[in-house]
Amino acid sequence: MSKDEQRENAVLSPRQALCGEWAAAPSAATPALRMPRHSVLAIFVLAVLSGCASYHPRVLVPSVTAAAFQARSLDNPKLRTFLAHFGRPPKHWPKRHWNLDNLALVALYESPELAAQRARWAVVRAGVITAGQRPNPRISFLSQHHSIAPGGVLPWTLGFSFDVPIETAGKRGDRIQQALDLASAARFQVGETAWQLRNRVRQRFLELFAAIEQIKVLKAETAVRSRMLELISQRFSVGESATFEVNSAQLALQRTQMALAAAKAHAASVRAALAEALGLPVGAIADTRFDFTSIDRLPALQQLSTRTLERVALLHRLDLRRALAQYAAAEDTLKLEIAKQYPNINLGPGYEWEEGDSRWSLSLLSLTLPLLNQNQGPIAVAKARVTEESARFAALQAQVIGQVSQAVVGYRGAVQTLHTAQNLFTTQTKHQRMLDQRFAAGAIGSVAMLGGHLASLVAAQDRLAALYQAQQALGTLENALQRPFTEHLSLKPALHEKSPSGRERARA
C-alpha cells in the first residue's frame, strides 16, 4: 500500500486528533476499528482532562484566623521593612513614637478591609482571562448499527465530526477591552479604600489627641478647684464665707471630676477605635506613644486659589477616575453588542466509516441568520447604560467641585477662629502671669489668683476646641481632594499601575 493510500485510510484517535498526529490505518486483514467504543471514549476523556486545572482545598478555620489577628503587633519586623520601602525607615525598632503618616502605612499593611478589596480586584482581573478565551472546538461521535449487511462486512457506521467556531467582527477584542476597563475601575476602588483608611486613621488619631489634651486640662482644673474648695472651706470655718460659696465650689469640683472620668473613658474608646482603623487588636497599641506635633501645624491657603484646588481634585480624585473607567466599560459593552449583530461562523469537518467505505465531509459555513432580530434589545440597553454612566460622571464632577469650594470656605473660617482663640489664650496667659505676680506681692488673695488659673484653663479648652475644629476642616478639605493637603500640590495625576498589599511586599 502506498503512503497516499495509508494516509487516506488513516484513522485519528481522540488523543492524536488533539495533538495533530496520524495513526496508521489497520491492515485489510484486520477488521477496521476493532477498538471498543468505551475504550475510545475513555481515551478521549483522559486526553481532555489531562490539561485541566486541579482543585486543592484551602480550609478556612475561624479560630486560626482570629488567633492570627490577635497576634498582630507594631513590633512586626516585616512592618519595619514595609515602612522602609515607603521611605520611612525607623531609626529604632520597635518605634518609640508613631505619627500620623506612619500609622497610615500601618493601616495599609494590616487592614483586612483593604485586603478584601484587593481580593475583589483580583477577581475582576481574572475576568480579563475569561474575556480573552477563544471558544473551544467540539467533537461529535457517530455510531449506527445496520440490521442488514453483506457477509464479511461489519454492520456498523462509525464516524466523528468537528465543530470549529470562529468569532467575527472583533467580539473577542471588545470583550477583552471591556474586562480591562472594569479591572481599571476595580483598581481605582482599591485606591479609594486605601484613602478611606487613611482618613479614618486620621480622624481617630485627631480624636485621641483631643481626648488626651482634654484629660490634661481637666486634671489641672480638678487640682485648682480642689484647692479653691479647701480655701473656701477654711474661710467658712472662721465665718468669712457663706454656705452657698462652699456648696458652689463643691458642685463645681464634682462636675469637673465627672467630666474627667468621662474624658478618660472616651480616650479609651477612641484608642480602641484607632486600633480597629489600623487593623490591629486593642492590646497592640495599649502602651504605644504617639507623636502629635503635626496637629499644631496647619497649611495656609494664600498661595492656592479655589480654582487651583478644584483642578487638583478633578485630576486626582479616584472616584472620578473610577467613573471614567466605568464609562469606558459601558462603551465597550455597546461596541460588543453592536458586533453581535454579525453572526459567528462554524466550520464542521468530519469523517464517517460505513461498511468498509470511508467518507470525508467538510461544512464550509454554518451560521445563525439574523432574520427575526438584530440584537436591538441589548444594543438599546447598552446605549442607555452609556448615557447613564455619562450622567453619573457629570453629577460626580459637579459634586466634587462643590465639595472643594465648601471645604475651602470651611477651612479658612476654622483657621480664623483658631487664630482668635489663640490670641485670647495668649492674652489670658499674660493676665495670669500678672495675677501670679500680684499674689506674690500680697496684693490679691489665693482665691482671686486661682480664679485667674480657671480662666486660663477655660481659654485653653477654647483653643483646643478651635484647633480640633480646624483639623476637622482640614480633613474635610483633604477628603475633597482625596490626597494629603500641602501648600505645594502637584497638578499631575499619579496612580501606580501595580500596588501590591503590604503583606505581599513583605513576602517578596
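This is a predicted model: local features need pLDDT of at least 70, side-chain atom pairs count only at pLDDT 80 or more; totals for chains, interfaces and linings use all residues.

Reader: What makes the contact of Glu 230 with Arg 227 a salt bridge?

Author: The closest N and O atoms of Glu 230 and Arg 227 are 3.3 Å apart. The cut-off is 4 Å between a side-chain nitrogen of Lys or Arg and a carboxyl oxygen of Asp or Glu, so the contact qualifies. Both residues belong to helix 8 (residues 171-237), and because they are 3 residues apart, about one helical turn separates them.

Reader: Why is Glu 230 called partly exposed?

Author: Its relative accessible area is 40%. Buried requires under 20% and exposed requires over 50%, so Glu 230 falls in between. Arg 227, with a value of 36%, is therefore partly exposed by the same rule.

Reader: How do you know that Glu 388 and Arg 392 form a salt bridge?

Author: Their closest N and O atoms are 2.8 Å apart, and the limit is 4 Å, so the term applies. Glu 388 and Arg 392 lie 4 residues apart in helix 12 (residues 376-440), about one turn of the helix. Glu 388 has a relative accessible area of 31% and is partly exposed; Arg 392, at 48%, is also partly exposed. These two residues belong to a network of salt bridges that links Arg 385, Glu 388, Glu 389 and Arg 392.

Reader: How many aromatic pairs are found in the whole structure?

Author: The search finds 9 aromatic pairs. In one of them, the ring centres of Trp 93 and Trp 98 are 6.2 Å apart and the planes stand at 70°. Centres within 6.5 Å make a pair, and planes over 60 degrees apart count as edge-to-face, so this pair is edge-to-face. Trp 98 is buried, with a relative accessible area of 2%.

Reader: Why is the pair of Phe 141 and Phe 160 called tilted?

Author: The planes of Phe 141 and Phe 160 are at 55°, and their ring centres are 6.5 Å apart. Stacked needs under 30 degrees and edge-to-face needs over 60, so the pair is tilted. Phe 141 lies in strand 1 (residues 138-145) and Phe 160 in strand 2 (residues 156-166), so that the pair links distant parts of the chain, 19 residues apart. Phe 141 is partly exposed at 44% relative accessibility, whereas Phe 160 is buried at 12%.

Reader: Why are helix 10 and helix 11 called oblique to each other?

Author: Helix 10 (residues 306-316) and helix 11 (residues 318-339) pack at an angle of about 45°, with their axes 6 Å apart. Roughly parallel requires under 35 degrees and roughly perpendicular begins at 65, so the two helices are oblique. Among the residues that meet are Leu 314 and His 316 in helix 10, and Leu 318 and Arg 321 in helix 11.

Definitions and conventions:
Residues are numbered from 1 along each chain as its sequence is written. Side-chain values use heavy atoms; hydrogens and water are left out. Buried means under 20% relative accessible area, exposed over 50%, partly exposed in between (1.4 Å probe, protein chains only). Rings of Phe, Tyr and Trp (its six-membered ring) pair if their centres lie within 6.5 Å; planes under 30 degrees apart count as stacked, over 60 as edge-to-face and the rest as tilted. Axes are lines fitted to C-alpha atoms, for helices over the stretch in contact, and angles run from 0 to 180 degrees between N-to-C directions. Angles under 35 degrees count as roughly parallel, over 145 as roughly antiparallel, 65 to 115 as roughly perpendicular and the rest as oblique. Contact means heavy atoms within 4.5 Å.
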